[in-house]
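Open the structure in your viewer and keep the selection tool handy.

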Amino acid sequence: MNKNIDIKNVKAAKRYAQALAESAIDNIDEVNENLALIDEVIFGNEDFKVFFSHPIVSLKDKKDTLKETLEGKINEKALNFLETLLDESRFGIFKTIYELFKQEVDSIKNKQRINVSSVIGLDDDEKERLRHKLAVKLSKDVILSYEENQDILGGLLIKYDDKVIDLSLKGKFEAMKQNI
């Protein structure tokens, strides 16, 4: 699971992400870009994170700071959404909402993000063949991210959503061990 997703707040965050995606369907790319900017500006700054999570700071001061910091940089829908999160004491789960919103956008656009682990890096031809095979299998536009992982010993470990396709040597050894 994505490290930005807070498991204990995922149910509430999913409702916010879905509602935002539905309300922003006509300008979903713009809202997605706005959320990326918010994530960078507000949640990428330790001072802002402390300010917005501090219980002593008034709701009005938080809203005023949001407006001063982001007005003119993001659209009205994104700014209103942030104010709603503040009003409902849900500002702290923004990162989870944002990650789930990106998943909603991918779903709307028929895209699937997949993480591929291998012991050594794949060349461009191997990456394209793998992307094509997964795109055909899933009937989606596939976006791959790669990482090297020595622990799998060889082969590939493919992860998306809550699914894992274990084509690694480590996985095969574990399966053989279970069978014996």
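Axes here are lines fitted to C-alpha atoms, and the angle between two of them runs from 0 to 180 degrees between N-to-C directions. Keep in mind that this is a predicted model.

**Stop 1: a helix pair.** Select helix H3, residues 46-53, and helix H4, residues 59-70. Their axes come within 10 Å and cross at roughly 150 degrees. Angles over 145 count as roughly antiparallel, so H3 is roughly antiparallel to H4. The crossing of H3 past H4 is left-handed. Now show side chains. H3 brings Phe-48, Phe-51 and Phe-52 to the contact. H4 brings Asp-61, Lys-62, Thr-65, Leu-66 and Thr-69. Color them by type: 4 are nonpolar, 2 polar and 2 charged.

**Stop 2: the cores.** The largest nonpolar core has 31 residues. Select Ile-38, Leu-82, Phe-91 and Phe-101, which touch the most other members. Helices H1 (10-23), H2 (28-41), H4, H5 (76-87) and H6 (94-108) each supply at least two residues of this core. Zoom in on Leu-82. What does Leu-82 touch, leaving out residues up to four places away in sequence? Look for Ile-38, Leu-66, Leu-70, Ile-74, Phe-91 and Phe-94. Then move to a second, separate core of 11 residues, with Ile-114, Leu-130, Leu-134 and Tyr-160 among them.

**Stop 3: Arg-131.** Find Arg-131 in helix H7, residues 124-138. Arg-131 counts as partly exposed because its relative accessibility is 24%. Beyond residues up to four places away in sequence, Arg-131 touches Asp-141, Val-142 and Leu-144. Finish by checking C-alpha to C-alpha: Arg-131 and Leu-144 are 13 residues apart in sequence and 6.9 Å apart in space.

Terms used: Residues numbered from 1 in each chain as written. Predicted model: local features only at pLDDT ≥ 70, side-chain atom pairs only at ≥ 80, totals over all residues. Heavy atoms only, no water. Helix = DSSP H or I, 4+ residues; strand = E, 2+ residues; numbered from the N terminus. Parallel < 35°, antiparallel > 145°, perpendicular 65-115°, else oblique. Left-handed = near helix turned anticlockwise from the far one by under 90°. Contact = heavy atoms within 4.5 Å. Nonpolar A, V, L, I, M, F, W, Y, C, P; charged D, E, K, R; others polar. Core = buried A, V, L, I, M, F, W, Y, C linked by side-chain atoms within 4.5 Å. Buried < 20%, exposed > 50% of the residue type's maximum accessible area, 1.4 Å probe, protein only.
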